[in-house]
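Hello,

Here is the structure I promised to pass on. Please open it alongside these notes.

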Amino acid sequence: MIPAGLLSAIQAGPIEGENWCLLVTGNSAAAKLRNLIPKILANLSGKGYRVTSIRLKILITSKY
């Protein structure tokens, strides 16, 4: 579901009930991933997972 080039920018975060948090390394990766969320949710639902929403959290890395 997720393009290979985008996989390195994403980490699985915590699942709280039916909400899943994905950790993303930057704004551009988050923007691309936002477009894929409906397809990802449909795929997870089809496989029996009870995830109803995905939240994105952008990781901030220090340059110092």
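Predicted model: local features only at pLDDT ≥ 70, side-chain atom pairs only at ≥ 80, totals over all residues.

Start with strand β2, residues 19-24. This strand is mostly covered, with 5 of its 6 residues buried.

The β1 side: strand β1 spans residues 10-16. β1 and β2 run antiparallel and share 5 bridges. Ile10 is bridged to Val24 of β2. The hairpin of these two strands has 2 residues between them. There, Gly17 adopts a positive phi near 65°.

The β3 side: strand β3 covers residues 53-58. Its pairing with β2 is parallel, over 6 bridges. One of the bridge pairs joins Asn19 to Ser53 in β3.

Now the core. The largest nonpolar core holds 16 residues. Leu6, Trp20, Leu22, Leu33, Ile40, Val51 and Ile54 have the most contacts inside it. Two elements, β2 and α2, each give two or more residues to this core. The top contributor is α2, with 8 residues.

Leu22 deserves a click. Which residues does Leu22 touch, leaving out those up to four places away in sequence? The list is Ile10, Gln11, Ala12, Gly13, Leu33, Ile54, Arg55, Leu56 and Lys57. Leu33 and Ile54 are also among the core residues with the most contacts.

Best wishes

Methods:
Residues numbered from 1 in each chain as written. Heavy atoms only, no water. Buried < 20%, exposed > 50% of the residue type's maximum accessible area, 1.4 Å probe, protein only. Helix = DSSP H or I, 4+ residues; strand = E, 2+ residues; numbered from the N terminus. Pairing = 2+ DSSP bridges. Core = buried A, V, L, I, M, F, W, Y, C linked by side-chain atoms within 4.5 Å. Contact = heavy atoms within 4.5 Å.
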